[in-house]
Amino acid sequence: MTEAWRQDRNIEDADLEWYKGAGPAEPAIWFRQTIIHGCGLIGLLHCVSNGVPSQLIEPGSELANFLKKAVPLGMDERARLLNETESMYQASEAVAQKGDTEPLKPGEDSIHHFVALVKGLDGNLWELEGARKGPLNRGSLEENEDALSERALELGIRRLVDIQRRAGGDFPFSCIALAPTV
């Protein structure tokens, strides 16, 4: 995460209340990140527990069972459940060990960060980042627009690129799309 991005986040979050949502009626399922260097796991959870991907989770799977327990909970209880769910920790660690980069050690910092931009079942583009105060509704999308449509890009990733461009510098990022078909 760049300093310009961090400053923009801090300004935007200053007037926001901490998220109080819970339950299946939430327009976006959000997880607060309390795990050090856990933004990849949090980003993945945000992607799979919202929008169309949430409807594709295998019933009875570890993920389905975890979400069944997590969704009804509030922000702090959800974070606690994630911290205490050994199967989620083991899966995250197994994937981290397979990556191309050396996993960070406690106390090490990184400019890399995961943020999920998902189209919710309510038709809105949601910015979901566990280090924020809650989910951020970036605006509505038409039925035929997805999270990579022109409008979604303007509301989402281009906004972040513009923040960095105004500060002077590049905004390196990667993009992963979860979709039923390509």
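User: Helices (H or I, at least four residues) and strands (E, at least two) are DSSP runs, numbered from the N terminus. With that in hand, what follows α8?

Analyst: Gly168 does, and its phi is positive, near 85°. Before we go on, this is a predicted model, where local features need pLDDT of at least 70, side-chain atom pairs count only at pLDDT 80 or more, and totals for chains, interfaces and linings use all residues. Residues are numbered from 1 along each chain as its sequence is written, and side-chain values use heavy atoms, with hydrogens and water left out.

User: Good to know. How many helices and strands does the protein have?

Analyst: There are eight helices and three strands. Going from the N terminus, the order is α-α-α-α-α-α-β-β-β-α-α.

User: And what share of the protein is buried?

Analyst: Of its 182 residues, 40% count as buried. Buried means under 20% relative accessible area, exposed means over 50%, and partly exposed is in between (1.4 Å probe, protein chains only).

User: Back to α8. Which of its residues are buried?

Analyst: In α8, which spans residues 157-167, they are Ile157, Leu160, Val161, Ile163 and Gln164. Looking down the axis of α8, these buried residues fall within an arc of 155°, so they line one face of the helix. That arc is taken from the directions from the helix axis to the C-beta atoms.

User: Why would residues a few places apart point the same way?

Analyst: An α-helix has 3.6 residues a turn, so residues three or four places apart point the same way.

User: What's on the other side of α8?

Analyst: Arg165 and Arg166, both exposed. The buried residues of α8, by contrast, pack against α1 (3-14), β1 (116-119) and α7 (150-155). Contact here means heavy atoms within 4.5 Å.

User: How does β1 run relative to β2, parallel or antiparallel?

Analyst: Antiparallel, with four bridges joining β1 to β2. Two strands pair if DSSP finds at least two bridges between them. Across the pair, Leu117 stands opposite Glu127, and Val118 is opposite Trp126. Four residues lie between the strands in this hairpin, where Gly123 has a positive phi near 90°.

User: How many residues of β2 are buried?

Analyst: Five of the five in β2 (residues 124-128), so the strand is largely enclosed by the rest of the structure. Asn124, Trp126 and Leu128 point one way from β2, while Leu125 and Glu127 point the other way. β2 also pairs with β3 (residues 136-140), in the antiparallel sense over four bridges. In that pairing, Asn124 has Ser140 as its bridge partner.

User: New topic: which residues have the most contacts inside the largest nonpolar core?

Analyst: Phe31, Leu45, Phe66, Leu67, Leu82 and Met88, in a core of 14 residues. A nonpolar core is a set of buried Ala, Val, Leu, Ile, Met, Phe, Trp, Tyr and Cys residues joined through side-chain atoms within 4.5 Å. α2 (39-48), α4 (62-70) and α5 (75-84) each supply at least two residues of this core, and the largest share, four residues, comes from α4. A second, separate core has nine residues, including Tyr19, Ala28, Trp126 and Leu128.

User: What about Gly74, where does it lie?

Analyst: Gly74 is in the loop between α4 and α5. At 18% relative accessibility, Gly74 counts as buried. Leaving aside neighbours within four places in sequence, Gly74 is in contact with Gly21 and Ala22. The C-alpha atoms of Gly74 and Ala22 are separated by 4.9 Å, although the two are 52 residues apart along the chain.

User: Last one: which residues lie nearest the centre of the second largest pocket?

Analyst: Ile29, Ser49, Asn50, Ser54 and Val71, out of 20 lining residues. On a 1 Å grid over the protein atoms alone, a cavity is a set of points where a 1.4 Å probe fits but cannot get out, whereas a pocket is an open set with protein on both sides within 12 Å along at least five of seven lines; lining residues have an atom within 4 Å of a point. α4 gives the most to this lining, with three residues.
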